[in-house]
Amino acid sequence: MSAPRGLASSRRSDGVAWLALFVATGALLALSIGAAGNYASVMAAHGTTTVDAAFAVAFVGVDGDGNLTASGAVVVTASIGIDNPSPRTLRIRVLGYSGWIEDGPAAAGLNESRRVADDRLVGPSGTRYFYRAFAESFEVDRPPVGPGSNGTYAFTFNLNGIDNPVRFDPVRNITGYAGGVDGPAWNHWVRVQLAIDGVPPASSPTAAPYLRTIGRIEREEGINLVA
Amino acid sequence: MSRDVRDRLRRLPRILIIAGFLGLSLGYAVFESVFPNVGFPAAGEASLPLLLAVLAGAGFLAGLVADDLRLAILHAFLSFPIALVVVSLLAVSPVLTGYVELTSDDLVFYVLRLGLPIYLVALPAYAVLGVAGLAAREHLGLRSTPFRAWLRRLQHK
């Protein structure tokens, strides 16, 4: 298709087409570098974000013998720390929390139904029985954690006899058996789901699973006795 | 060195530039199709019309600067290994930053496998649009000029 030599001199130069090609190459290079940077920063957020959790259990309405009264309450405060060294902003989106109290009466065979239903922790010293007093999961709307920074969020979980007698009464029974609220051990577990800002969720219902999960980070702290 | 070999060597940079351009556009289209929500621009779903427009535009432009049909086909075929390199570099970019430790070969094969439909679309797109570009080149009466010479002429005008 190339023109004969004599004819070529009468034809126009293809310089404009080459210029368009170089401009398009520059645009594609910029898009590719942008895509690589975007992807790398999302993967960095996945790889470097850490979550730590601290829990404090408080009892409201304790009588002189150290027992929880019927009008009392158990208040667990979870302090969730998020360290985000990545260049992306993270937003805490969903929080799941479970709190177990070591079930002395069940372990001693005094409550067979709870002994069957309790979650167990098998260790070298034998099986320990835990009653699940808290089981919460909810969406969260808190200020985001900026790039290269960290944030701490406090969440309070309340258990009392008015709102949830089914769970509160066993806790009273357990603390009473232990001789006071300070007796039984607690086991806490928290699951935090963080959304990476600027990653649109997969819009198609048939989207591949990795496209649904790439925009969020999940971290767990503690032992999940249900798993 | 024979004149024929010298002529081929002279053409080599042009061939590599055009094939590199096609490879870059194919590599970018593959990456965007596999990771639309972490690409650039990020979107909830890969836009097939946009990806086809990128491939079609690149194919047409490559045809417009190709010397003949034989070379246009050669550019299209050469673009594939270049695209593999481009998409592999994009896939391992998180590892290159040092932030993340991942098995690079797993990532590369993942992206290559998921991008297969785009590779399959690219070859006919490059062939058809390349021929269309060549036809437009003939219609416009364009001839090959060294790019620097063309720039010099442009400055003199």
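Visitor: Which residues does Val65(B) touch, not counting residues up to four places away in sequence?
Guide: This is a predicted model, in which local features need pLDDT of at least 70, side-chain atom pairs count only at pLDDT 80 or more, and totals for chains, interfaces and linings use all residues. Residues are numbered from 1 along each chain as its sequence is written, with chains lettered from A and ligands numbered from 1 in the order in which they are written. Contact requires C-beta atoms, placed from the backbone, within 7 Å. With that exclusion, Val65(B) touches Ile18(B), Asp14(A), Ala17(A), Trp18(A) and Leu21(A).

Visitor: Why is chain A described as more spread out than a compact globule?
Guide: The globule rule is 2.2 Å times the number of residues to the power 0.38, and the radius of gyration is taken over C-alpha atoms. For 227 residues the rule gives 17 Å, so chain A is more spread out than a compact globule, with a radius of gyration of 29 Å.

Visitor: What does the C-alpha trace of chain A span along its principal axes?
Guide: The extent is given along the principal axes of chain A. The C-alpha trace spans about 110 × 30 × 30 Å.

Visitor: Which residue stands opposite Leu121(A) in E6(A)?
Guide: Strands are DSSP runs of at least two residues (E), numbered from the N terminus, and two strands pair if DSSP finds at least two bridges between them. E5(A), residues 119-123, pairs with E6(A) in the antiparallel sense over five bridges, and a hairpin of two residues joins them. Opposite Leu121(A) stands Arg128(A).

How values were computed: Two residues are in contact if their C-beta atoms, placed from the backbone, lie within 7 Å. Helices (H or I, at least four residues) and strands (E, at least two) are DSSP runs, numbered from the N terminus.
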